[in-house]
Amino acid sequence: MNVPVLLLIGGCGLVGLLAMCLGRSGRWLGSLCLVLAVGSAGFMVWRSARCAKGFASIDVGATSDQVLAKVGTPNVVTDCSTSFAGSPGIPLNQARAACATEYWYYAVWAPEAWSFAFDAQGILIDKYHWVSP
């Protein structure tokens with residue numbers, strides 16, 4: 001979970017609500033803050049839903065271009081040497097041993113991530129949905 005981002009969005013929303021109460025001069029600032037807070041929260045929900053939907057619809061054997069088309073640009077691209085949140089990685093199974101590139105998609109508001117592992121030819125060899133309880 002990205003606590004600073006959530007606090008920033010919540011704070012912006014609170015400032016927006018308070019500014020709306022200041023009368024005519026505060027309405028512009030209040031409206032701007034509320035639009036930013038709601039827009040940011042909406043983007044985070046949309047991004048997580050897109051990752052989950054893309055993850056479910058992509059099968060092993062897909063190309064990296066197909067993953068990019070369905071899920072979008074990853075937050076991080078690694079050489080398969082790291083695991084969730086940048087921890088040193090170990091192969092989870094035999095397929096991961098051939099991993100050359102890994103795409104990571106992180107949820108902002110929850111401890112959740114989606115990873116897609118590709119071989120040297122850009123073919124998806126493994127995917128994993130990481131969730132913390």
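## Basis and burial

Buried means a relative accessible area under 20%, exposed means over 50%, and partly exposed covers the values in between, with a 1.4 Å probe and protein chains only. At 45% relative accessibility, Trp46 therefore counts as partly exposed.

This is a predicted model, in which local features need pLDDT of at least 70 and side-chain atom pairs count only at pLDDT 80 or more, while totals for chains, interfaces and linings use all residues. Residues are numbered from 1 along each chain as its sequence is written, and side-chain values use heavy atoms, with hydrogens and water left out.

## Chain overview

The protein chain has three helices and four strands. Helices (H or I, at least four residues) and strands (E, at least two) are DSSP runs, numbered from the N terminus. Read from the N terminus on, the elements follow the order α-α-α-β-β-β-β.

Of the 133 residues in the protein chain, 35% are buried. A contact means heavy atoms within 4.5 Å. Among contacts between residues at least 6 apart in sequence, 47% join residues at least 24 apart.

## The sheet

Four strands form an open sheet in the order β1-β2-β3-β4, with antiparallel pairing. Its edge strands are β1 (76-78) and β4 (124-131), each of which pairs on one side only. Neighbouring strands of the sheet are turned by 15 degrees against each other on average, direction ignored. Two strands pair if DSSP finds at least two bridges between them. Strands of a sheet pair through backbone hydrogen bonds, either parallel or antiparallel.

Between β2 and β3, the antiparallel pairing extends over six bridges. Glu102 has Ala117 in β3 as its bridge partner.

In the loop between β1 and β2 lies Ala97, which is exposed with a relative accessible area of 55%. The C-alpha atoms of Ala97 and Cys80 are separated by 9.1 Å, the two residues being 17 apart along the chain.

## Helices against the sheet

Helix α2 lies across β2, β3 and β4 and runs at about 40 degrees to β3. Helix α3 lies across β2 and β3, running at about 10 degrees to β2. For these angles, axes are lines fitted to C-alpha atoms, for helices over the stretch in contact, and angles run from 0 to 180 degrees between N-to-C directions.

## Helix α3

In α3 (residues 64-71), Ser64, Val67 and Val71 are buried. They cover an arc of only 55 degrees around the axis, so they lie on the same side of α3; the arc is that of the directions from the helix axis to the C-beta atoms. An α-helix has 3.6 residues a turn, so residues three or four places apart point the same way. The face of α3 turned away from its buried side carries the exposed residues Asp65 and Ala69.

The buried residues of α3 pack against α2 (24-57), β2 (101-106) and β3 (112-118). Ser64 has 17% relative accessibility and so counts as buried. Not counting residues up to four places away in sequence, Ser64 touches Tyr103, Phe118 and Gly122. After α3 comes Gly72, whose phi is positive, near 100 degrees.

## Aromatic pairs

The structure holds seven aromatic pairs. Phe43 and Trp46 form one that is tilted, at 5.7 Å centre to centre and 40 degrees between the planes. Rings of Phe, Tyr and Trp (its six-membered ring) pair if their centres lie within 6.5 Å; planes under 30 degrees apart count as stacked, over 60 as edge-to-face and the rest as tilted. Both Phe43 and Trp46 lie in helix α2, three residues apart, about one turn of the helix. Phe43 is partly exposed at 48% relative accessibility.

Trp104 and Tyr106 form a stacked pair, with 6.0 Å between centres and 10 degrees between the planes. Trp104 is buried, its relative accessible area being 0%, whereas Tyr106 counts as partly exposed at 23% relative accessibility. Trp104 and Tyr106 also belong to one aromatic cluster with Tyr128 and Trp130.

## A charge over a ring

The charged end of Lys127 sits over the ring of Phe55, 4.4 Å from its centre. A charge sits over a ring if NZ of Lys or CZ of Arg is within 6 Å of the ring centre and within 35 degrees of the ring normal.
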